[in-house]
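Subject: Handover of a structure and its description

Dear colleague,

Please find the structure below, together with its sequence.

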Amino acid sequence: MIETTDRKEQYCEVDPYLDEIMEETFGPIENVYIDLRYIQDFYLGAILALCKSKDEIQYVIDNIDYYNSRYTEDVVETVFSKLHLTEVEVQAYIHDPKNHSFLFKTSPVTDFCKMLKDINEDIEAQNTAASSNTKNVVSIYNINTYPLVLNNKDKIQLKEKLQWFTDRKNLLVASMSMPIENMSIDTYKEFKYMFAYDFYKIIQPTPLQTSGFTAFYEKRCLYNSFVYAPFRIVNDKVLEEVKYYDTDKLKELVLDTARYLSICSKFSYINPEIIVR
């Protein structure tokens with residue numbers, strides 16, 4: 001309400017554009033996206049499954065620190081070179097449907113799981129603020145298991161895991177299995193929080209432009225969304241140069257890349273790690 005010079009009270013009309021901005025910025029969070037690999041490292045699970053002896057398994061464990069500090073994805077031939085495994089072998093194991101349930105049950109969990117309770121509490125706090133007497137907002141956690149395809153029993157276990165990590169027995173969990181870069185443009189708009197382990201597949205240029213690339217750079221579908229991803233280098237030239245970077249130079253590269261990606265989203269890095277007890 002405003003008061004004019006003639007002392008008459010008038011009511012301001014709500015600007016539809018301003019209302020839209022407020023809704024996008026402070027409104028409810030109805031859908032959260034998480035790549036399963038943020039929770040469970042089935043790439044490492046496949047490497048462990050392909051080990052031929054206890055000594056090889058111990059070798060993998062002994063090199064976990066190097067694995068945690070990687071900035072590329074395909075590292076079995078470099079970080080674990082003594083295993084004499086190829087990237088083709090590891091990917092073939094992961095993409096073989098008969099191994100999916102085994103990988104889901106046995107792959108190591110990451111330290112990201114410890115963050116889920118706090119993440120969910122923040123989301124619930126915002127949803128409580130955005131709720132009203134007529135609308136109670138509840139978030140759905142959408143877990144992308146790609147390339148794994150889970151059976152019904154595994155999907156139930158996935159839901160139970162998320163409920164345990166968040167300490168919420170009534171947590172709503174849905175699952176999908178599809179390449180993150182190929183989701184429909186409208187689907188990206190639904191996610192206010194994205195924990196996108198495979199985010200590098202969205203920002204990486206390809207001969208045929210993906211819907212993810214279009215949604216992120218051209219349509220700005222994630223402009224008001226919080227996007228989290230591990231730091232990965234996808235440019236071959238930079239990958240060659242980074243071999244000669246010191247710690248400060250590498251840190252500068254990380255910060256510059258995050259600033260660039262923040263033009264199209266509320267972007268931050270979260271690197272999930274494997275903790276060896």
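Predicted model: local features only at pLDDT ≥ 70, side-chain atom pairs only at ≥ 80, totals over all residues.

Which residues of α12 are buried? They are Gly 212, Phe 213, Thr 214, Ala 215, Phe 216 and Tyr 217, where buried means under 20% relative accessible area, with exposed over 50% and partly exposed in between (1.4 Å probe, protein chains only).

Residues are numbered from 1 along each chain as its sequence is written, and side-chain values use heavy atoms, with hydrogens and water left out.

Overall composition

The protein has 14 helices and eight strands; helices (H or I, at least four residues) and strands (E, at least two) are DSSP runs, numbered from the N terminus. Of its 277 residues, 43% are buried. Taking contacts between residues at least 6 apart in sequence, 73% join residues at least 24 apart, a contact being heavy atoms within 4.5 Å.

Helix α12

Helix α12 spans residues 211-218 and is mostly covered, with six of its eight residues buried. The elements that cover these buried residues include α10 (185-190), α11 (200-203) and α14 (247-261). Just after α12, Arg 220 adopts a positive phi of about 55°.

The sheet

Six strands make up an open sheet with parallel pairing, in the order β5-β4-β3-β6-β7-β8; two strands pair if DSSP finds at least two bridges between them. Strands β5 (172-176) and β8 (266-269) are at the edges and have a single partner strand each, so one side of each is left without a neighbour in the sheet. On average, neighbouring strands of this sheet are turned by 15° against each other, direction ignored. Axes here are lines fitted to C-alpha atoms, for helices over the stretch in contact, and angles run from 0 to 180 degrees between N-to-C directions.

Helix α9 (residues 152-166) packs on the sheet, where it touches β4 (140-144) and β5, and its direction makes about 135° with that of β5. Strand β4 is itself mostly covered, since four of its five residues are buried.

The individual pairings are as follows:

- β3 (residues 31-35) and β4 run parallel and are joined by five bridges; Asp 35 stands opposite Asn 144 in β4.
- β4 and β5 run parallel, also with five bridges; Asn 144 stands opposite Met 176 in β5.
- β6 (residues 193-195) and β7 run parallel and are joined by three bridges; Tyr 193 stands opposite Phe 226 in β7.
- β7 (residues 226-229) and β8 pair in the parallel sense over four bridges; Phe 226 stands opposite Lys 266 in β8, and the bridge partner of Tyr 228 is Ser 268.

Helices α3 and α6

Helix α3 (residues 42-49) and helix α6 (residues 87-95) have axes that come within 9 Å and cross at roughly 105°. That makes α3 roughly perpendicular to α6, a label for angles of 65 to 115 degrees, whereas those under 35 count as roughly parallel, those over 145 as roughly antiparallel and the rest as oblique. In this contact, Phe 42, Tyr 43, Ala 46, Ile 47 and Ala 49 of α3 meet Glu 87, Val 90, Gln 91, Tyr 93 and Ile 94 of α6.

Nonpolar cores

A nonpolar core is a set of buried Ala, Val, Leu, Ile, Met, Phe, Trp, Tyr and Cys residues joined through side-chain atoms within 4.5 Å. The largest core has 46 residues, and those with the most contacts inside it are Ile 34, Ile 47, Phe 80, Phe 112 and Phe 195. Its largest share, five residues, comes from α3. Apart from this core lies another, of 22 residues, among them Phe 191, Ala 215, Leu 222 and Phe 267.

Leaving out residues up to four places away in sequence, Ile 47 touches Val 60, Val 76, Phe 80, Leu 83, Leu 85 and Val 90.

Arg 37

Arg 37 is located in helix α2 (residues 36-39) and counts as buried at 9% relative accessibility. Not counting residues up to four places away in sequence, Arg 37 touches Phe 42, Tyr 43, Tyr 67, Arg 70, Glu 73, Thr 110 and Tyr 197. Arg 37 and Pro 272 lie 235 residues apart in sequence and 8.9 Å apart in space, C-alpha to C-alpha.

Yours sincerely
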